[in-house]
Amino acid sequence: MTVVIGFEGSANKIGIGIIRDGEVLSNPRRTYITPPGQGFMPSDTARHHRAVILTVLKEALEQAGLKPADIDCVAYTKGPGMGAPLVTVALVARTVAQLWGKPLLGVNHCIGHIEMGRLITKANNPTVLYVSGGNTQVIAYLERRYRIFGETIDIAVGNCLDRFARVIKISNDPSPGYNIEQMAKKGTRYVQLPYTVKGMDVSFSGILSFIEEAAHKMLASGQCTAEDLCFSLQETVFAMLVETTERAMAHCGSQEVLIVGGVGCNLRLQEMMGVMCKERGAKLFATDERFCIDNGAMIAQAGWEMFRTGQVTELEDSWITQRYRTDEVEVTWRD
């Protein structure tokens, strides 16, 4: 039986998970939360990760009931992500691998999300919608690569939602996207926003600029409520994502959709995608916040798949890269 420990810390979450042959043994996580109206800076986020990473590592081993000798491989997030947090976690993973005498593996963060989603949902060969604070991609597997069929041409959908949350001072606890989702449920009026789909790609910066400028005027004049704006923003950006995902499904002849990434927890997005899938006679696969949001187990799972096909990362090659494309990775573990 192969046991892999995974270290994730590409953004404001630090997580360490342990996987044993498809079984999640532990998956503790901590989140760096900033005051309302503020984002998280790379240096502050890295400082947070440094302060808690050893505690999280101890929790992961204790919850799994394992000792370092039981671990077969140490996996860490190589990228994409924020530089300072990535370096912090990679440094600890490298140190642990050397102290324990274990092989090291650098994992693509995006592929970690996909492999975790496939493990938990048992989706066979889905069209993948990967939506998070830093990434927005429509992906399908073909010939040993996860091919990107469409993506954002500017900012990610999660970043769009988070930055709007700052405009209207929504709390970042537990996350701005979650709080937007709850407020949107109380919205009753749809405010027309720019809808920007360009072929298979999407753009969110114009929508954000428009709603940032309009929000204060509309709220001050009583034209709408903050809940209405949250509702309108969600409906617009999610409709764009459903449209591009459906087009990729049609191109690939796919009958499965898998939603991964932090924004994938959003129940309204799942509902809208579910309607599209039902109309096409397709099946939707999604997970909850335990596995959608950045976590260590997803890095461990991708690392488990890679390690079993003979992949390892030599110490001198164990750098990080903030820009690490999903389609750069050869998928040696799938037919």
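**Note on a predicted two-domain model**

1. In this predicted model, 22 residues of domain 1 are in contact (heavy atoms within 4.5 Å) with 23 residues of domain 2. Domain 1 covers 3–114 + 293–328 and domain 2 covers 123–290, with bounds that come from an automatic or database domain assignment. The centres of the two domains, taken over C-alpha atoms, are 26 Å apart. Between domain 1 and domain 2 about 1800 Å² is buried, and carbon and sulfur atoms give 56% of that area. Buried area here is the accessible area (1.4 Å probe) that two parts lose on being put together, summed over both.

2. On conventions: residues are numbered from 1 along each chain as its sequence is written, and side-chain values use heavy atoms, with hydrogens and water left out. As the model is predicted, local features need pLDDT of at least 70 and side-chain atom pairs count only at pLDDT 80 or more, while totals for chains, interfaces and linings use all residues.

3. The UniProt record, an unreviewed entry, places "domain: Gcp-like" at residues 29–300. UniProt positions are given in the numbering used here, feature names are shortened, and annotations may be inferred rather than shown by experiment. Over residues 29–300 the chain is 52% helix and 17% strand, and the end C-alpha atoms are 14 Å apart. Helices (H or I, at least four residues) and strands (E, at least two) are DSSP runs, numbered from the N terminus.

4. Asn-266 lies in the loop between β12 (256–260) and α8 (267–280). Asn-266 counts as buried, because its relative accessibility is 6% and buried means under 20% relative accessible area (exposed is over 50%, partly exposed in between; 1.4 Å probe, protein chains only). Leaving aside neighbours within four places in sequence, Asn-266 is in contact with Glu-181, Gln-234 and Phe-238. Its side chain also makes a polar contact of 2.9 Å with the side chain of Gln-234. A polar contact is a pair of N or O atoms within 3.5 Å; within protein, one must be able to donate a hydrogen and the other to accept it, and residues adjacent in sequence count only if both atoms are side-chain atoms.

5. Thr-136 is found in strand β8 (residues 136–142) and is buried, with a relative accessible area of 3%. Not counting residues up to four places away in sequence, Thr-136 touches residues including Tyr-130, Val-131, Val-157 and Leu-241. The side chain of Thr-136 reaches the backbone nitrogen of Val-157 at 2.9 Å.

6. Lys-185 is placed in the loop between α5 and β10 (197–198). Lys-185 is exposed, because its relative accessible area is 56%. The side chains of Lys-185 and Gln-182 are joined by a polar contact of 3.1 Å. Lys-185 and Cys-230 are 45 residues apart in sequence and 8.6 Å apart in space, C-alpha to C-alpha.

7. How many disulfides are there? The count is zero, where a disulfide is a pair of cysteine sulfur atoms within 2.5 Å. Cys-110 is too far for a bond, because its sulfur is 14 Å from the closest cysteine sulfur, in Cys-292. Cys-292 is in no disulfide either, and the nearest cysteine sulfur to it, that of Cys-265, is 3.9 Å away. Cys-110 is buried at a relative accessible area of 1%, and Cys-292 counts as buried at 1% relative accessibility.
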